[in-house]
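Please look at the sequence and the structure together as I speak.

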Amino acid sequence: MIFAINEINKNPNMLQNVKLGYKIYDNCGTMDILRAALSLMSGIEGEATDENCTKTETVQAILGHSGSRPTIAFAPVVGRFQIPVISHFATCACLSNRKEYPTFFRTIPSDYYQSRALAKLVKHFGWTWIGAIAVHNEYGLNGIAAFIQAALEYGVCIEYSEAFSSSDPPDRLQRIIEIIKHATAKVIMAFMSHREIKLLAKELYKQNIAGLQLVGSDAWITDHSLTDSEGHSILVGSLGFTVSKAKIPGLEEHLRQLHPSQFPDSQFVRDFWEDTFDCTLNEASKTQRKPCSGSESFQNVESQFTDVSELRFTNNVYKSVYAVAHALDNLIKCEEGKGHFSNGSCADTKYIQPWQVLQYLKTVNFTTEEGERVYFDSNGDSPARYELVNLQMTNKGTMEGATVGIYDASLPESHQFIMNNIQVIWGNGLTEVPVSVCSDSCLPGTRKVLQKGKPVCCYDCIPCPVGEISNLTDSIHCMKCPPLYWSNEQRDACVRKPIEFLAYDEILGTLLVVFSLLGVFLTMITTLVFYCHRETPLVRANNSELSFLLLFSLTLCFLCSLTFIGRPSEWSCMLRHTAFGITFVLCISCVLGKTIVVLMAFRATLPGSNVMKWFGPAQQRLSVLGFTLVQVLTCVLWLTISPPFPSTNLLHYKDKIILECALGSAVGFWAVLGYIGLLAMLCFILAFLARKLPDNFNEAKFITFSMLIFCAVWITFIPAYVSSPGKFTVAVEVFAILASSYGLLLCIFLPKCYIILFRPEQNTKKHIMGKTSNNDIRY
């Protein structure tokens with residue numbers, strides 16, 4: 001402060017014809033500091049020695065104090081007298097309250113900004129579960145409260161929050177040590193002074209509590225006395241914000257010129273001089289030290305006093321003096337009409353009042369020689385810019401703060417905190433960032449579920465439900481996949497649902513194709529056998545024309561099953577159901593015709609009967625054509641009104657898409673199926689009535705059995721079709737087609753082929769007519 005005042009007084013461009021003076025009160029203790037403030041307010045007449053100097057009764061400004069607690073005590077009192085107070089180290093955020101402290105200014109940022117910077121620091125390193133300890137006064141309690149509020153905004157949780165002071169009973173600190181011992185948080189936010197942190201470190205060291213990472217406030221993080229404290233190794237690796245370093249040109253030379261004669265009443269200077277040079281200034285005192293010669297000098301002495309390499313808070317004092325000087329300079333250089341008072345008037349420079357200096361101090365805005373801009377906001381706070389320091393051991397065995405990052409509150413939110421490339425030493429000498437979380441991060445594919453009764457940082461990781469995903473770490477909810485997508489096994493991505501249909505290249509599809517082609521092959525073999533033996537009595541007796549038409553329709557039935565296999569298309573959907581309906585009606589019509597022929601033939605053998613002329617070959621053909629034409633017309637109406645079409649079924653399965661043929665008109669489908677069932681039942685009834693005809697001739701029993709199989713298959717088909725999922729619906733329908741086709745083929749034609757191929761002696765007219773009472777029946 002003295003250096004800055006002397007520098008200003010020598011500057012011809014500032015405060016022309018005006019010299020600054022000062023009065024120093026260096027007593028400790030809140031009461032002494034408050035007494036000093038009252039003394040300054042009551043007047044310091046006689047302090048000025050220059051006869052040409054205009055004597056003032058009160059000071060124009062008060063510089064200090066360095067502590068928040070004393071400042072909180074005297075600043076409101078001083079504020080009532082409109083005297084500016086400029087502090088270089090009082091950081092309590094409460095001092096920004098303009099109602100309580102209307103004349104308070106500071107050249108150090110408020111703890112509000114430091115607390116937010118510390119919260120951002122903790123969040124930056126992923127420490128979401130921490131402990132908080134503060135000094136039990138306004139500085140600590142307000143600072144830690146602001147930190148906790150900012151930390152919660154950033155998603156950081158506080159496991160415990162405690163406070164103590166150096167004057168508390170020892171059991172208070174012991175209780176806090178026990179809390180730290182049993183806590184799971186590995187990071188401690190210590191918002192306290194150098195006195196409390198020394199006590200805390202000492203106790204942690206004594207009880208061998210290791211593995212902690214300390215984060216400190218600016219009140220202790222760069223304090224040089226920490227190195228000499230017991231247990232200081234606990235503090236190595238601590239992180240914290242402090243004001244930026246600066247250079248003050250000429251200060252070192254000024255300090256090296258210090259001599260006790262300059263401060264004859266200062267006990268501090270006297271003690272410091274005697275300790276540095278190991279001599280005594282009081283020859284009358286009884287001491288083993290030799291008397292000082294008077295030639296001692298700091299010019300060639302290296303000490304902490306003359307070390308100006310780490311000027312942090314010292315620079316704040318320098319800026320405080322210059323802030324007052326610039327306010328006075330602006331007041332003196334005021335031009336009428338541009339002043340800060342009523343109607344733009346200026347102050348009387350011969351009788352400057354503190355309240356006038358106060359008004360100009362509010363608008364101070366200047367830049368130091370080092371390029372640092374100095375100004376105050378509406379709350380009297382200066383710009384918040386910090387350096388992040390990391391306490392590291394040097395080669396000299398001392399503990400110093402290495403700058404590893406910066407924080408500038410004037411920058412945008414995303415650019416306020418910047419880390420340097422300097423390696424950080426962590427607590428306990430760790431080389432990797434410590435982990436301090438209540439719960440590990442939830443990986444993609446899971447979501448956070450809070451643990452009951454615990455803070456939001458304590459949670460369980462629950463896998464996302466099927467069909468939902470989370471692709472971010474620590475996601476609080478799972479997102480549903482779009483309708484055409486489904487979650488993968490990891491639940492961290494939506495993948496397109498597989499499309500399912502009865503394909504040729506899968507086992508089920510291949511088996512059905514094989515059985516279908518086998519059916520076609522057997523039908524063709526049967527046709528070939530019948531064709532080669534078409535003149536034999538057995539073939540002729542079984543109405544060869546209807547038999548060949550039946551074999552042809554069975555071939556179509558086997559082939560139509562192939563249309564149900566493969567990817568559904570518009571044409572395949574229309575073809576499969578209509579082809580199935582028409583070919584089966586054709587098949588059942590032929591069987592029905594054969595059954596009627598059998599009944600008519602035996603009725604024709606009765607005396608006087610002439611029924612065969614009413615159901616001859618022409619009538620047989622017309623009946624088959626008529627029955628089939630009804631089905632054709634039904635199918636044409638179905639295809640015209642609402643034909644089947646390919647569709648995607650998203651409802652039956654959640655994890656896949658069923659590609660199927662929609663019926664279009666359910667009435668059309670069940671009309672086609674119902675007509676087939678009607679003909680089959682009619683055929684079954686007629687065949688059942690003809691079951692007692694002579695065995696050697698009668699094929700009615702085989703038709704009955706084949707119709708029994710046919711009806712059984714299609715009756716069981718209905719519930720199976722309705723309940724089968726996806727591609728199995730199609731498989732059930734194909735199975736029903738093949739089973740009923742095989743039933744007709746084997747039941748009607750297998751016995752005849754057996755006789756034709758393996759019992760030719762039975763393929764004679766005599767054998768066939770053996771049990772017909774020698775009646776002459778014509779076919």
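I begin with a definition: a residue is called buried when its relative accessible area is under 20%, exposed when it is over 50%, and partly exposed in between, using a 1.4 Å probe and protein chains only. This is a predicted model, in which local features need pLDDT of at least 70 and side-chain atom pairs count only at pLDDT 80 or more, while totals for chains, interfaces and linings use all residues. Residues are numbered from 1 along each chain as its sequence is written, and side-chain values use heavy atoms, with hydrogens and water left out.

With those terms in place, consider Arg106, which is buried at a relative accessible area of 0%. Its side chain and that of Asp381 form a salt bridge, with 2.7 Å from N to O. By salt bridge I mean a side-chain nitrogen of Lys or Arg within 4 Å of a carboxyl oxygen of Asp or Glu. Arg106 belongs to strand β3 (residues 104-106) and Asp381 to the loop between β12 (373-375) and β13 (385-393), so the pair ties together parts that are 275 residues apart in sequence. Helices and strands here are DSSP runs numbered from the N terminus, where a helix is H or I with at least four residues and a strand is E with at least two. Asp381 is buried too, with a relative accessible area of 4%.

How many salt bridges are there by this rule? The count comes to 17.

Another of these pairs is Arg385 with Asp408, at 3.8 Å from N to O. Is Arg385 buried or partly exposed? Arg385 is partly exposed, at 39% relative accessible area, whereas Asp408 is buried, at 15%.

A further salt bridge joins the side chains of Lys656 and Glu500, at 2.8 Å from N to O. Lys656 sits in the loop between β23 (645-649) and β24 (657-662), and Glu500 sits in strand β22 (residues 499-500), so parts that are 156 residues apart in sequence are tied together. Both Lys656 and Glu500 are buried.

Salt bridges can also share partners, and in this way Glu252, Arg256 and Glu302 are joined into one network. Where does Arg256 lie? Arg256 is in helix α8 (residues 251-256), and it is buried, with a relative accessible area of 8%. The side chain of Arg256 also makes a polar contact with the side chain of Glu302, at 3.3 Å. A polar contact is a pair of N or O atoms within 3.5 Å; within protein, one must be able to donate a hydrogen and the other to accept it, and residues adjacent in sequence count only if both atoms are side-chain atoms. Leaving aside residues up to four places away in sequence, Arg256 touches several residues, among them Ser297, Phe298, Asn300 and Thr306; contact here means heavy atoms within 4.5 Å.

Let us return to β24. Which strands pair with it? β22 and β24 pair in the parallel sense over two bridges, while β23 and β24 run antiparallel and are joined by five bridges. Two strands are said to pair if DSSP finds at least two bridges between them. Within these pairings, Ile499 stands opposite Ile657 in β24, and Thr648 stands opposite Leu659 in β24. The strand β24 is mostly covered, as five of its six residues are buried.

The buried residues of α12 include Leu512, Val513, Val520, Val529 and Phe530.

Finally, some details of the backbone. A cis peptide bond, with omega about 0°, joins Gly64 and His65; His65 is placed in the loop between β1 (62-63) and α3 (68-79). Asn208 has a positive phi, near 55°, in a residue other than glycine. Asn208 is in the loop between α7 (194-206) and β7 (213-216), and it counts as exposed at 66% relative accessibility. Asn343 has a positive phi near 60°, lies in the loop between α10 (313-332) and α11 (354-361), and is exposed, with a relative accessible area of 81%.
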